[in-house]
Amino acid sequence: MSLLHPDRLFASCPQQRAIARELYEQVASLPIISPHGHTDPRWFADNRPFANASELLLQPDHYLLRMLYSQGYSMDALGITRSDGTASGADPAAVWQIFADNYHLFRGTPTRMWMDHVFAEVFDLDELLHAGNGQQFYAEINRQLATPRFLPRALFERFNIEVIATTESPLDPLASHRKLRDDPWPGRVITAFRPDPVVDPEFEGFAANIAELARISGEACDSYAGYLAALRERRAFFRRMGATSTDHGHPSAVTADLSADQCESLYQGALAGALTGPEAEQFRGQMLLEMALMSLEDGLVMQLHPGVFRNHNPQLFAEYGRDKGADIPLPGEFVKALKPLLDRVGNEPGFTLILFTLDETTYSRELAPLAGHYPCLKLGPAWWFHDSPEGMLRYRRQVTETAGFYNTVGFNDDTRAFLSIPARHDMARRIDCRFLAQLVAEHRLQMDEARELAVDLAVNLAREAYRL
Amino acid sequence: MSLLHPDRLFASCPQQRAIARELYEQVASLPIISPHGHTDPRWFADNRPFANASELLLQPDHYLLRMLYSQGYSMDALGITRSDGTASGADPAAVWQIFADNYHLFRGTPTRMWMDHVFAEVFDLDELLHAGNGQQFYAEINRQLATPRFLPRALFERFNIEVIATTESPLDPLASHRKLRDDPWPGRVITAFRPDPVVDPEFEGFAANIAELARISGEACDSYAGYLAALRERRAFFRRMGATSTDHGHPSAVTADLSADQCESLYQGALAGALTGPEAEQFRGQMLLEMALMSLEDGLVMQLHPGVFRNHNPQLFAEYGRDKGADIPLPGEFVKALKPLLDRVGNEPGFTLILFTLDETTYSRELAPLAGHYPCLKLGPAWWFHDSPEGMLRYRRQVTETAGFYNTVGFNDDTRAFLSIPARHDMARRIDCRFLAQLVAEHRLQMDEARELAVDLAVNLAREAYRL
Amino acid sequence: MSLLHPDRLFASCPQQRAIARELYEQVASLPIISPHGHTDPRWFADNRPFANASELLLQPDHYLLRMLYSQGYSMDALGITRSDGTASGADPAAVWQIFADNYHLFRGTPTRMWMDHVFAEVFDLDELLHAGNGQQFYAEINRQLATPRFLPRALFERFNIEVIATTESPLDPLASHRKLRDDPWPGRVITAFRPDPVVDPEFEGFAANIAELARISGEACDSYAGYLAALRERRAFFRRMGATSTDHGHPSAVTADLSADQCESLYQGALAGALTGPEAEQFRGQMLLEMALMSLEDGLVMQLHPGVFRNHNPQLFAEYGRDKGADIPLPGEFVKALKPLLDRVGNEPGFTLILFTLDETTYSRELAPLAGHYPCLKLGPAWWFHDSPEGMLRYRRQVTETAGFYNTVGFNDDTRAFLSIPARHDMARRIDCRFLAQLVAEHRLQMDEARELAVDLAVNLAREAYRL
């Protein structure tokens, strides 16, 4: 039996399954719109072959690392290089074998379904990974990766990607995006403006980052006004490199609307590394407002991804650095936190702020009521830990009745795992079709409406919300 | 195909659907008990025809306004009169057309199902509203509204309403209720005592409200004792006008049990407009206790609807006033907040406090455990944003296992949208039958128990809890 | 028709039900592993007959007491002895009749299904309890309880219990466990170390408890070092009596990592009864760390059950004492609270901390992300109010996608209601099989994987996590 059942993720009740299947047929092969993610633009600019299975599929994937680590495998055993540059020395084939030996740990997780999809659809390996076939998988994947059909651009085309956004710091010269712009290859790879390193006073090296911002922008950043001018210059540059959005990864959704004097004073404090925790929070909050005001000018859509305790495990962080699976969600609060920003620009036509959360309690209590009222607000899809079948179903069930479908923005894959992008979009389309099928089967929606919605959720809402 | 499928809202699994259908048949045509709502008593007292479709169905409905506003329609375009009395000048037919053009926004929301029900059942318009038939709907609804069959009392009778409660301020002379009392028309329209304007020091015009309270009650309100006497007098008056309940719309569930000196001092501060925010909260908390103590004397059932950030959008509030869809829920807390009140009257036989929440996280964590222990506590139904199919299912699933069914009070429609009352009760009955059908189909409940429960949830629990 | 349908608690959709049935057949008669509970070891040590139905089944069960109390039955009427020793004088047969008269209150609650199971499977009373057969049930149960087949050890064997853990204070001499150790009866009854009375400065009689700790351990407890030595001595004693775990019932999950001076100072303050609330919280937090450090030495698995407002009803507490159904959950927080402990021992191989919660919002937001990363963390099953069909489904749906199955520890019955232990394990096994069946029917998991998981969830995970 094939690993990927054609009806997977649909409800098993035949009444709903038949409808879901019909809806899904419409959207299964629509192009992929990927407006928010973390792929490396060099892949597409340079089009060099990927290395081996472990390096491509396992080591950059914090979902995989975290689960294996939780069961006692060290980062060293998993072949992760230390922050000080010491290589682990682990044989990539042995690392892969650990993964194969422990594939049962992922039962019931989305990772398992994404990997099954990658194996079956990308590598034509249509059986379950296990201890016994681990090395066969490893060799076969490596063999295929070395062929032209698996070069980044070939995969991009095979995946039917209409547009993909990467995410860069304002300090990034966007060399790969420049190269792509001048390349005749028609694939659309755009950047997104992620200013955390230069708007968060608690970011590592903030003052140095601002010095670099001054250099790269050509604007003196010794005053708040100069700093804002530098950010404005960078946004314009990012827009020339295709950006249609900004993205903000703050610890909370706190916004602020401070006086010019307060802004100047906080900014000088930030440069001097002299802000207290609450002052840094105020500054970040003010910067969200500044970004919103600039969005009103330049039309970049704003995204806010708040509420993560980054690098919760200090020992792991010290030894191996960021993004190793030790980020933990925090309780969210939007109603009071966003008020300063909303009071100022909440009713502005032409401004869009897309909100994400890792605290599912805010879906029905805060986010859907806010997005169902404010013209500027839209809701991003179920994010990160909730980018999963049950997570997406909870999202639709808790959001839709108050905010409807049209205050949401379709799917984001949010990934650096390039090969899993089709798997992730496929999962989202299946779950959306399943949700719609339930509404139709329960006579809460007509079939022709569901057909229209399935396409809107798969492609149109993302195109419109992100101005693609 | 009819717009209203006879099996709508039941689970599509045939095993459950057949049971749900059988349970629903029992309760479909039972009378409507509406113990908590916001219809205008003048409708029933004066029995004059309703105006046009926009004015009756759209403009007073904050669910409709908020969704259209979230998608960029101005209050002006929707025909809403400004706070300063400036009419919008919008043509009601054009306003209605905006609604028809955007009916797809409501897909997946309860509003959509309520409106479909109103169109089909009340106006015999058994097709989906859309841009193309908008004006036909508008003309037909207006035509019917002008006929005797659509006078308020005729609709009241056609809807099979056994009793409906409206909600009035203690300062309201209850002229319509007096008129109804003296009218031979047998419809039972009662009032409910909503003292927010005279117990919340932060309510607009609090001091003036107290002056009016003194005047209308004939009690000097210059001392706390006099103030309590005035409230007692008003409660007695409301009871004579049929009230069986009070209702309290506080920002939180905080209660207090203060000394006589503290009460007097806070009261004088409130009159002088000199309370801080926390003091105002203390005063409101004390007033919840006072109301509870008076309920012990006079038998009025107490309702608490806490946890809403009212008028979150200041620009909209300044221009168009309250109830335009800009109220946003807040996190709830009951365990510590209610303790002063429960310590005092929690074990009193004869006292009933019905709790509502917009924070669904409190269902299983706080409300069900509290109501499953304290004799005085009962849980109100899923409220406002959660008065919806998924919202009601979450409520039953999260409340029942700890509090059972008999610590809940049946359904409240809580609406000023008179024509949707049958639609709302029908939705609640269908969802309750669906929930019971699942328990029966999964052998967690016997069928004869489910039959009894279906009737209890539809009418008996409300009759008993509200002492009707 | 039998009271206990063979397919009860499985989804009614035939596609899922057939799979659930097949999975359940594998696990239905596996032995019971009960690693966390509150049965009385004297039952098994002394093997004396249980008294009457009311005294065995009703009066010790806070789930029953709370529901009856919430509907107006006094503790007196239910035959509960007062704290001062005054017996209620209520006839046990009359108490039982109250229960029978009100059996409908439990519709939709797990209590109802547990009791049905006990009546049908343990007493062969295969009909629904109601007012009319209440006395017949009472007499028949009493008759059976007097027979040898219903002695505690006979029931233990009939229930197929492989191992059961009771819970004792460090001050308990474990007389029954000593007796059991020296008894040829092969039943495995072990203790668990619950140090709340000697690590919580706010526990009733803390200073006297420490004096007793010094006496029983033979360690001078006048210094923090002596106190830790006494605890170490008691842990060693408990290990000799079979303990494999400790258990901690703190008001929150707060942990601390204080200096030696701070520890000494807080300890002296605790002995003197001079700690403020926050200081007591700090002390408890430090003690969680100390317990974790001792676990690293002695291998006892650590359990944390935080977040309950104990004895919320002071009037009831004053008259009737603890555990009468007046404990109410509080909001939970783990991400910041556990950090001091995790910073110290979170990456230690060989340390296990099993977390429980009554705040379901923490499942997907905090607990699954934490357990899906830290090697030392595992998640306990749905607890107390959530030890119910819907509660367990929410747990699996919200935990599995992030933490997988293998960071969970199987089922705990957590009960003092001995006769309901098979009912509780049966419910958990049925719900787990139902959850797995859904994954299989939706092609998210292969059938042979589900078969393996069903057994792991029923017995293996508990055996491994608790080192049994």
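How many positive and negative side chains does chain A have, and how far apart do the centres of the two sets lie? In this predicted model, chain A carries 45 positive and 62 negative side chains. The centres of the two sets lie 3 Å apart.

The overall form of chain A was examined next. Its secondary structure comprises 20 helices and nine strands. The C-alpha trace of chain A spans about 70 × 60 × 45 Å along its principal axes. Chain A has 468 residues, for which a compact globule would have a radius of gyration near 23 Å. The value for chain A is 22 Å, which agrees. Of the 468 residues, 66% count as buried. Contacts were also sorted by separation in sequence. Among those in chain A between residues at least 6 apart, 77% join residues at least 24 apart.

The relations between copies were then considered. Two copies of a chain are related by a rotation about an axis and a shift along it. For chain A and chain C, the turn is 120° and the shift along the axis is 0.0 Å, with an RMSD of 0.0 Å. This is the relation of a three-fold axis. In chain A, the C-alpha of A:Cys13 is nearest the axis, at 3.5 Å from it. The copies meet through different surfaces, because only 4% of the interface residues of chain A are also interface residues in chain C.

Helix α5 of chain C covers residues 92-101. Seven of its ten residues are buried, so the helix is largely enclosed by the rest of the structure. The buried residues are C:Ala93, C:Val95, C:Trp96, C:Gln97, C:Ile98, C:Phe99 and C:Ala100. They pack against four helices of chain C: α3 (53-58), α4 (62-70), α6 (110-122) and α7 (134-145).

How values were computed
Residues numbered from 1 in each chain as written. Chains lettered and ligands numbered in written order. Predicted model: local features only at pLDDT ≥ 70, side-chain atom pairs only at ≥ 80, totals over all residues. Heavy atoms only, no water. Least-squares fit on C-alpha atoms with pLDDT ≥ 70 in both. Contact = heavy atoms within 4.5 Å. Helix = DSSP H or I, 4+ residues; strand = E, 2+ residues; numbered from the N terminus. Rg over C-alpha atoms; globule rule 2.2 N^0.38 Å. Buried < 20%, exposed > 50% of the residue type's maximum accessible area, 1.4 Å probe, protein only. Lys, Arg positive; Asp, Glu negative; His and termini not counted. Charge placed at Lys NZ, Arg CZ, Asp CG, Glu CD.
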